[in-house]
Amino acid sequence: MTTISVTGHMDLTDESVPLVRAELDKVLAAYEPSGLVGVSCIAKGSDSLFAEAVLAAGGRLAVVIPSQDYRQAKVKPDHAETFDRLVEAADEVLVMPHETANRQAYEGANAVLLDRADRLVAVWNGQPPSGKGGGTADVVRQAREADIPVDVIWPDGASRRA
């Protein structure tokens with residue numbers, strides 16, 4: 001069994017989505033579907049693309065929801081259908097004990113992602129941490145410090161919304 005967690009940018013451009021998804025499909029194709037578990041917070045962007053790729057590859061999905069109010073407070077209408085569909089498709093849904101979605105909740109969810117990970121897939125443009133904490137670059141740094149192998153995905157042509 002291989003458990004792969006994901007971290008990545010939420011603000012991918014529409015043109016980047018198929019490029020990133022194709023790279024995720026390539027990475028996941030290297031694993032036996034029956035032994036593949038993907039762990040994701042299923043946020044808009046990279047997290048959801050990864051979750052969809054895991055399911056399409058025949059793997060199992062484990063969802064980590066950062067706070068009790070995350071669905072109501074943070075999931076925008078344009079992502080709600082995807083979010084709900086992925087929650088339904090998941091083999092496991094872990095809702096963190098934090099009442100509100102905040103930096104502490106995100107850092108706690110990221111800790112769970114890393115604790116479960118045999119590998120980390122990072123949909124990341126390589127930019128350094130913002131200093132706010134809980135971002136993609138922070139999770140990559142933490143994974144590397146914990147000796148968790150990191151597969152960085154940022155295909156040519158990928159970009160973030162300005």
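A salt bridge here is a side-chain nitrogen of Lys or Arg within 4 Å of a carboxyl oxygen of Asp or Glu. I kept in mind that this is a predicted model.

Entry one: the salt bridges. I found 12 of them in the structure. I looked up Lys44 and Asp78, whose closest N and O atoms are 2.4 Å apart, a salt bridge. This pair links distant parts of the chain, 34 residues apart: Lys44 sits in the loop between strand E2 and helix H2, and Asp78 in helix H4. I noted Lys44 as partly exposed, at 28% relative accessibility, and Asp78 as exposed, at 54%.

Arg85 and Glu52 form a salt bridge with an N to O distance of 2.8 Å. Arg85 belongs to helix H4 and Glu52 to helix H2, 33 residues apart, and this pair too links distant parts of the chain. Arg85 is partly exposed, at 43%.

Which residues of H6 are buried? I listed Thr136, Ala137, Asp138, Val139, Val140 and Ala143. They pack against strand E1, helix H5, strand E5 and strand E6. Asp138 is buried at 9% relative accessibility, while Arg141 is partly exposed at 38%. Salt bridges with shared partners join Asp138, Arg141 and Glu145 into one network. After H6 I came to Asp147, which has a positive phi, near 60°.

Technical notes. Residues numbered from 1 in each chain as written. Predicted model: local features only at pLDDT ≥ 70, side-chain atom pairs only at ≥ 80, totals over all residues. Heavy atoms only, no water. Buried < 20%, exposed > 50% of the residue type's maximum accessible area, 1.4 Å probe, protein only. Helix = DSSP H or I, 4+ residues; strand = E, 2+ residues; numbered from the N terminus. Contact = heavy atoms within 4.5 Å.
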